[in-house]
Amino acid sequence: MSDVVVIGAGVAGLACAVRLAQGGADPLVLEARPRVGGRIRTFRPADGGPALELGAQIVHGDRNPAHTVLGPQPAAPRPEAGYVVAGRVTRPMAVLARGGHPPWLLEARLAGCTAQAGREPSVGAWLAACGATPAEVATAREWVRQTWAADPDRLSATEVAAAVRHDPGGRGEFTVPGGLDLLPARLAEGLRVRTSSPVRRIEAAEGGTGVRLLTEDGELTADRVVVAVPPAVVARGLLSIDGLGPDKSDAARTLAPGDGFCAVVTLDRNAPETASVFDADGVGGFTSCRRGRPEVLVVAKDAAAACVREAAVSPAHLGALLAVALPWTTGAELIGVETADWSADPCSAGAFCAPGPGAARAAREWARPLDGRMYFAGEATATGRALPWLQGAYAEGRRAAEEILEAGKQ
Ligand SMILES: Cc1cc2nc3c(=O)[nH]c(=O)nc-3n(C[C@H](O)[C@H](O)[C@H](O)COP(=O)(O)OP(=O)(O)OC[C@H]3O[C@@H](n4cnc5c(N)ncnc54)[C@H](O)[C@@H]3O)c2cc1C
């Protein structure tokens, strides 16, 4: 019998396994995909050009655990930024500040929002009442969609604010120039990780203790199991858990991640400049390119993800979408397209969980250990308490490991 099995080799599962190993356990990590990292997926151009990210992009905060694991990482570059409104691109992005309410300022103000007299406004309602013009509100709504992968009307303003305030990640934005997948690779070093091993079912083992796991290669047993897969994977029935109960099943359904779609498009020409463009029309998410490189990166969430997904099936449509944000791409031939459809991927079922209605309560419920044998971790368990990003996933993995180590002492 293996003492602890961790299901899922994303940041949460790996951080959990690292902490368990430090505590003297010998965890086995089972991962469905042929690679570790989960929603971190790095694209490396064949000619050795700079890495691009098809999943998580940014290391948020100077106290983010990525710095502890990989060493201090550099601040994210600030390229010439623009925005698209009514199908036309405008530079620089700072033009948006002219009315006094650019989206980044409204986002910062939102972080101060607290519940008043029991009122729980949505982010959409908060924006509508914040004193900005209708055009500024429309732009901010799209900005929020791209930050939280959710419609502002389905986001709790107080829970978004609480998550931002309580996040221990610190200030600033950073990148991992060698590729963000170095983070899970480093975490996995020295651990027993079995990739291409999807777990299909978790059952209580006979005899009252331990669990039995059904994988595609057969069965194995363990004293305890950590479920570090997105709850949506369980809600969709791709991993079934015996005795989950109605409260946890409801929680898994409530913690549905938002839509996310990313693409690296390689063109027949190099970018004349480094640029990043935000599509306030809600069609293209963020589009970016680097001077002297032929790749264009599109990162789209919520409704924009559906637009980019639809465009990606046709080179002509995708080319037209890129040309709006980056006019230099007009007429370029698409040499290659690499996509990451996070919602269609059964191992992720979406981008990440935003603090929508009932999400904070569902996150607490999902995180609650079951029967002393099953423990739960992942970005979703941070929802409403901390940011459901890399630092949230990492902290929640460590939290589940501490619960198991503590239980082991009793
Ligand atoms: C487009 C996009 C942009 C993002 N941008 C950022 C960003 O800029 N900054 C940031 O901090 N965060 C960002 N995030 C969020 C970040 O990627 C996640 O919060 C984090 O990676 C989640 O880690 P996790 O371990 O909880 O889940 P995951 O990374 O999803 O790990 C879960 C693992 O479980 C595996 N699994 C699933 N089912 C099974 C099964 N049945 N058996 C075995 N294994 C299974 C999966 O394959 C996966 O490896 C972004 C996410 C997306 C999609």
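Which residue stands opposite Leu-267 in E18? Leu-334 does. This is a predicted model, in which local features need pLDDT of at least 70, side-chain atom pairs count only at pLDDT 80 or more, and totals for chains, interfaces and linings use all residues. Residues are numbered from 1 along each chain as its sequence is written. Helices (H or I, at least four residues) and strands (E, at least two) are DSSP runs, numbered from the N terminus.

Start with the sheet. Strands of a sheet pair through backbone hydrogen bonds, either parallel or antiparallel. Two strands count as paired if DSSP finds at least two bridges between them. Here, 7 strands form an open sheet in the order E7-E6-E15-E16-E17-E14-E18, and the pairing is mixed. Strand E7 (88-90) and E18 stand at the edges with a single partner strand each, so one side of each has no neighbour in the sheet. From one strand to the next, the twist averages 20 degrees.

Now look at strand E14 (residues 260-267). E14 is joined by 7 bridges to strand E17 (residues 295-301), and the two run antiparallel. Phe-261 stands opposite Ala-300 in E17. Ala-263 has Val-298 of E17 as its bridge partner. E14 also pairs with strand E18 (residues 334-341), again over 7 bridges and in the antiparallel sense. E14 is mostly covered, with 7 of its 8 residues buried. A residue is buried if 20 or more other C-beta atoms lie within 10 Å of its own, exposed if 12 or fewer, and partly exposed in between; C-beta atoms are placed from the backbone.

Which helix lies across these strands? Helix H11 (residues 315-325) does, running at about 90 degrees to E18. The strands that H11 lies across include E14, E17 and E18. Angles run from 0 to 180 degrees between N-to-C directions, and axes are lines fitted to C-alpha atoms, for helices over the stretch in contact.

Next come the helix pairs. Two packed helices are described by the angle between their axes and the distance between the axes. Helix H3 (residues 103-110) and helix H5 (residues 134-148) pack at about 70 degrees, with axes 9 Å apart. H3 and H5 are therefore roughly perpendicular. Pro-103, Leu-106 and Glu-107 of H3 meet Thr-139, Ala-140, Trp-143 and Thr-147 of H5. Residues are in contact if their C-beta atoms, placed from the backbone, lie within 7 Å.

Helix H6 (residues 157-166) has 7 of its 10 residues buried, so H6 is largely enclosed by the rest of the structure. Glu-159 is one of the buried residues. The buried residues of H6 pack against H3, helix H4 (123-128), H5 and helix H12 (359-367).

Finish at helix H1 (residues 11-22), where Gly-13 is found. The axes of H1 and helix H14 (residues 390-409) come within 7 Å and cross at roughly 40 degrees. Gly-13 and Gly-397 are among the residues that make this contact. Is Gly-13 buried or exposed? Gly-13 is buried, because 32 other C-beta atoms lie within 10 Å.

Conventions. Angles under 35 degrees count as roughly parallel, over 145 as roughly antiparallel, 65 to 115 as roughly perpendicular and the rest as oblique. Two residues are in contact if their C-beta atoms, placed from the backbone, lie within 7 Å.
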